[in-house]
Amino acid sequence: MFNSLKILKLFSQFKSRQLFRQRNKINMLKIKAAATLPVVLLIGGLVVEIGIAGAFMAYYLAQSGLGVKLSEEALAAARAGVQDAKIRIVRNKSFAPSPNPYTLTVGNRTVQITTCKDTCAGTGKFQITSLGRALTKRRQIQAIVSVDSLTGEVKIESEKETAI
């Protein structure tokens, strides 16, 4: 009997050790799982942040390309405004627009054209200022046109883009 008690005691100790090891193993797995969660969240957050940064960069690069295009369209509209004023001066040597400035639509862009005779650029000269607009972009061109009072000849003295 003594032997069986001893065996039973040893068996119970073995079972308790095995149970302790299992509990210890489960606790270690819980600790590892708890350590894994912040790492997964950190990596996921970094991936999301990189994705958002990439989307913003793509948006701003696309906008800058659109800005250049709109700026060139505004410049082309301003040139068309200067050409319109030159044609009107050739047709009527004493051209005085009413209202001054007048507006011209070129495609879906607008141009505001101001002409000034004799007082801005000198006697017998017109100063044409044309402001082209394309959405938020604006470009301005200024031209000086001289008109010979005897012959009626119209000459372009200068044409340049000016800062707004």
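**Reading a disulfide, a sheet and a core**

Mentor: A search of the whole structure finds one disulfide. Bear in mind that this is a predicted model.

Trainee: Which residues form the disulfide, and how far apart are their sulfur atoms?

Mentor: The pair is Cys116 and Cys120, with sulfur atoms 1.9 Å apart. For a disulfide, the two cysteine sulfur atoms have to be within 2.5 Å, and this pair meets that cut-off.

Trainee: Is the disulfide of Cys116 and Cys120 right-handed or left-handed?

Mentor: Read the torsion about the S-S bond. For Cys116 and Cys120 it is about 85 degrees, so the disulfide is right-handed.

Trainee: Is Cys116 buried or exposed? And what is the relative accessible area of Cys120?

Mentor: Buried means under 20% relative accessible area, and exposed means over 50%. Cys116 has 15% relative accessibility and therefore counts as buried. Cys120 has a relative accessible area of 44%, which makes Cys120 partly exposed.

Trainee: How many helices and strands does the chain have?

Mentor: The chain contains one helix and five strands. Along the sequence the pattern is α-β-β-β-β-β.

Trainee: In what order do the strands form the sheet?

Mentor: Look at which strand pairs with which. The five strands make an open sheet in the order 1-2-3-4-5, with antiparallel pairing. Strand 1 and strand 5 stand at the edges with a single partner strand each, so one side of each has no neighbour in the sheet. From one strand to the next, the twist averages 25 degrees.

Trainee: Over how many bridges do strand 1 and strand 2 pair?

Mentor: Strand 1 and strand 2 are paired in the antiparallel sense over five bridges.

Trainee: What do strand 4 and strand 5 form, and which residue in the turn has a positive phi?

Mentor: Start with the pairing, then read the turn. Strand 4 (residues 137-147) and strand 5 (residues 154-162) pair in the antiparallel sense over eight bridges. Val147 has Val154 in strand 5 as its bridge partner. The two strands form a hairpin with six residues between them, and Gly152 in the turn has a positive phi of about 80 degrees.

Trainee: Which residues of the largest nonpolar core touch the most other members?

Mentor: The general idea is that in soluble globular proteins, nonpolar side chains tend to be buried together. Here the largest nonpolar core has 17 residues, and those touching the most other members are Ile89, Ile113, Phe126 and Ile128. Helix 1 (2-91), strand 1 (102-106), strand 2 (109-117), strand 3 (125-134) and strand 4 each give two or more residues to this core. Helix 1 supplies the largest share, six residues.

Trainee: Which residues does Ile113 touch, not counting residues up to four places away in sequence?

Mentor: The contacts of Ile113 include Gly81, Asp84, Ala85, Tyr102, Leu104 and Ile128.

Trainee: Where does Ser71 lie, and which residues is Ser71 in contact with, leaving aside its neighbours within four places in sequence?

Mentor: Ser71 is in helix 1, and its contacts are Lys137 and Arg139. With a relative accessible area of 17%, Ser71 is buried.

Trainee: What share of the 164 residues of the chain counts as buried?

Mentor: The buried share is 24%. The accessible surface of the chain comes to about 11900 Å², and 63% of it belongs to carbon and sulfur atoms.

Conventions:
Residues are numbered from 1 along each chain as its sequence is written. This is a predicted model: local features need pLDDT of at least 70, side-chain atom pairs count only at pLDDT 80 or more; totals for chains, interfaces and linings use all residues. Side-chain values use heavy atoms; hydrogens and water are left out. Buried means under 20% relative accessible area, exposed over 50%, partly exposed in between (1.4 Å probe, protein chains only). Two strands pair if DSSP finds at least two bridges between them. Helices (H or I, at least four residues) and strands (E, at least two) are DSSP runs, numbered from the N terminus. A nonpolar core is a set of buried Ala, Val, Leu, Ile, Met, Phe, Trp, Tyr and Cys residues joined through side-chain atoms within 4.5 Å. Contact means heavy atoms within 4.5 Å. Accessible areas come from the Shrake-Rupley method with a 1.4 Å probe; for residues, only the protein chains shown count as cover. Axes are lines fitted to C-alpha atoms, for helices over the stretch in contact, and angles run from 0 to 180 degrees between N-to-C directions.
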